[in-house]
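Subject: Handing over the structure

Hi,

Here is the structure I promised to pass on. Have a look at it first, and then read on for my notes.

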Amino acid sequence: MAADSTVTGMPLIVGMDGAHALERVPLTPAGMSAFDEGWLQRLIHDHPTCLPIGEIEPGLDPFTAICREMPTPRGPVDNLLMTGAGDICIVETKLF
């Protein structure tokens, strides 16, 4: 079955001043635009709190970014995050 790329909803930012529609930005293969997998990795590295890890596993908040593209025998780890207690979070980024 082919994936359906039809957009069926409009994401909104909701605040005290009302709701504002988010603008869709084109995502392209690596190196083809400002919004590629490297951009997403940098966003997570610079702002690890953008991931709701504490909502998924409350005992694991907060995480600190350690590195990006960490080499391993099976391939690079996109983002490596850790807590002060030494808990590890490996993030695999995908645009789609």
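Let's start with something you can check by eye: which residue in strand 4 is the bridge partner of T64? The partner is M82.

Before the rest, a word on how to read all this. This is a predicted model, so to speak of local features I needed pLDDT of at least 70, and side-chain atom pairs count only at pLDDT 80 or more, while totals for chains, interfaces and linings use all residues. Residues are numbered from 1 along each chain as its sequence is written, and side-chain values use heavy atoms, with hydrogens and water left out.

**The overall picture**

The chain has two helices and five strands. Helices (H or I, at least four residues) and strands (E, at least two) are DSSP runs, numbered from the N terminus. Reading along the sequence gives β-β-α-α-β-β-β.

Of the 96 residues in the chain, 20% are buried. Buried means under 20% relative accessible area, exposed means over 50%, and partly exposed is in between (1.4 Å probe, protein chains only). The accessible surface of the chain is about 7,400 Å², and carbon and sulfur atoms hold 61% of that. Those areas come from the Shrake-Rupley method with a 1.4 Å probe, and for residues only the protein chains shown count as cover.

As for contacts (heavy atoms within 4.5 Å), take those between residues at least 6 apart in sequence: 30% of them join residues at least 24 apart.

Strand 1 (residues 12-15) and strand 2 (residues 18-21) run antiparallel and are joined by four bridges. Two strands pair if DSSP finds at least two bridges between them. The two form a hairpin with two residues between them, and I13 stands opposite H20 in strand 2.

L12 belongs to strand 1, and with a relative accessible area of 48% L12 is partly exposed. Together with M10 and V14, L12 forms a nonpolar patch on the surface, with about 330 Å² of accessible area in total. Patches are made of residues with over 30% relative accessible area and no salt bridge, where like charges are joined within 9 Å and nonpolar side chains (Val, Leu, Ile, Met, Phe, Trp, Tyr) within 5 Å.

The other hairpin is made by strand 3 and strand 4, with six residues between them. Strand 3 (residues 64-70) and strand 4 (residues 77-82) pair in the antiparallel sense over five bridges. In the turn, G75 has a positive phi of about 120 degrees.

E69 counts as partly exposed because its relative accessible area is 36%. I66 is in strand 3 as well and is partly exposed at 44%. Leaving aside neighbours within four places in sequence, I66 is in contact with H45, L80, L81 and M82. I66 and N79 are 13 residues apart in sequence, with 7.7 Å between their C-alpha atoms.

**The core and its surroundings**

Which residues make up the largest nonpolar core? There are eight: L40, I44, I53, F63, A65, L81, C89 and V91. A nonpolar core here is a set of buried Ala, Val, Leu, Ile, Met, Phe, Trp, Tyr and Cys residues joined through side-chain atoms within 4.5 Å. In soluble globular proteins, nonpolar side chains tend to be buried together.

F63, one of the core residues, has contacts beyond four places in sequence with P48, I53, L81, M82, T83, D87, I88 and C89. T83 sits in the loop between strand 4 and strand 5 and counts as buried because its relative accessibility is 11%. Not counting residues up to four places away, T83 touches L60, P62 and F63.

H47 is in the loop between helix 1 and helix 2 (53-56), and is partly exposed at 45%. H47 and T64 are 17 residues apart in sequence and 8.8 Å apart in space, C-alpha to C-alpha.

**A salt bridge**

How many salt bridges does a search of the whole structure find? The search finds one, between the side chains of K94 and E92 (3.1 Å, N to O). The definition asks for a side-chain nitrogen of Lys or Arg within 4 Å of a carboxyl oxygen of Asp or Glu. K94 is exposed, at 53% relative accessible area.

Cheers
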